[in-house]
Amino acid sequence: MAPVCVARWVDPGRAAADTPDMTCSVCGALSRADATWCSQCHAPFAAPAPAPARLAPRQDAPSPPPVYSRWRKSDTSFGPVGRIGWTVGMTFFAVLFLWSGNIFAVGGWCFIAMPLVLRSVWSRSRVS
Ligand SMILES: [Zn+2]
């Protein structure tokens, strides 16, 4: 007795929209809706239908490119006064520790604290 073909054709557009899986038209195995070939028999699937218009990206309102600045104030960064203030303050304590002669304070401040803080203070941030 010849094997009965149980494969069924599934409209790719309907399959992608209605069910998470698609059925292989050759062996009947279920595969992911976005698969391009069957994981059981390796038969290629038809190309999925293009996305409906409501899911397509909007093209009518191009947003301006973002602007980044190391200088201007943003929601998450200081303006010029804050940045310079932090730099002056950190430098003041660096001089204080240097004057004290404590080599551990100088090392911790100048090589750990200051780089971390000033790098964050002067980091570029999005201003628009
Ligand atoms: Zn298959």
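1. Helices here are DSSP runs of H or I with at least four residues, strands are runs of E with at least two, and both are numbered from the N terminus.

2. Keep in mind that this is a predicted model: local features need pLDDT of at least 70, side-chain atom pairs count only at pLDDT 80 or more, and totals for chains, interfaces and linings use all residues. Residue numbers start from 1 along each chain as its sequence is written.

3. How confident is the predictor? The average pLDDT of the protein is 80, and 73% of the residues score at least 70; pLDDT is the predictor's confidence in each residue, from 0 to 100. Among the elements, helix α1 (residues 12–18) has the lowest mean, 51, while helix α2 (residues 80–100) has the highest, 93.

4. On the whole chain: buried residues make up 4% of the 128 residues. A residue is buried if 20 or more other C-beta atoms (placed from the backbone) lie within 10 Å of its own, exposed if 12 or fewer, and partly exposed in between. Of the contacts with a separation of 6 or more, 38% join residues 24 or more positions apart. Two residues are in contact if their C-beta atoms, placed from the backbone, lie within 7 Å.

5. Now for the helix pair. Two packed helices are described by the angle between their axes and the distance between the axes. For α2 and helix α3 (residues 103–121), the angle is about 175° and the axes are 10 Å apart. Axes are lines fitted to C-alpha atoms, for helices over the stretch in contact, and angles run from 0 to 180 degrees between N-to-C directions. The two helices are therefore roughly antiparallel to each other (under 35 degrees is roughly parallel, over 145 roughly antiparallel, 65 to 115 roughly perpendicular, and the rest oblique).

6. Which residues make that contact? From α2 they include Trp 86, Met 90, Phe 93 and Phe 97, and from α3 they include Val 106, Trp 109, Met 114 and Leu 118. The residues of the contact divide into 14 nonpolar, 2 polar and 1 charged. Nonpolar covers Ala, Val, Leu, Ile, Met, Phe, Trp, Tyr, Cys and Pro; charged covers Asp, Glu, Lys and Arg; the others, Gly among them, are polar.

7. A look at α2 itself: its 21 residues should span 30 Å at 1.5 Å a residue, and its end C-alpha atoms are 30 Å apart, which agrees. The expected span is 1.5 Å times one less than the number of residues. Gly 101, with a positive phi near 80°, follows α2.

8. Ala 94 sits in α2 and counts as partly exposed, with 16 C-beta neighbours inside 10 Å. Leaving out residues up to four places away in sequence, Ala 94 touches Trp 109, Cys 110 and Met 114. The C-alpha atoms of Ala 94 and Cys 110 are separated by 6.4 Å, though 16 residues apart along the chain.

9. The loop between β2 (30–32) and β3 (68–69) holds His 42, which has a positive phi of about 65° although it is not a glycine. Is His 42 buried or exposed? With 10 C-beta neighbours inside 10 Å, His 42 counts as exposed.

10. Cys 38 is found in the loop between β2 and β3 as well, but counts as buried, with 20 C-beta neighbours inside 10 Å. Beyond its neighbours within four places in sequence, its contacts include Cys 24, Cys 27 and Phe 45. The C-alpha atoms of Cys 38 and Cys 24 are separated by 6.2 Å.
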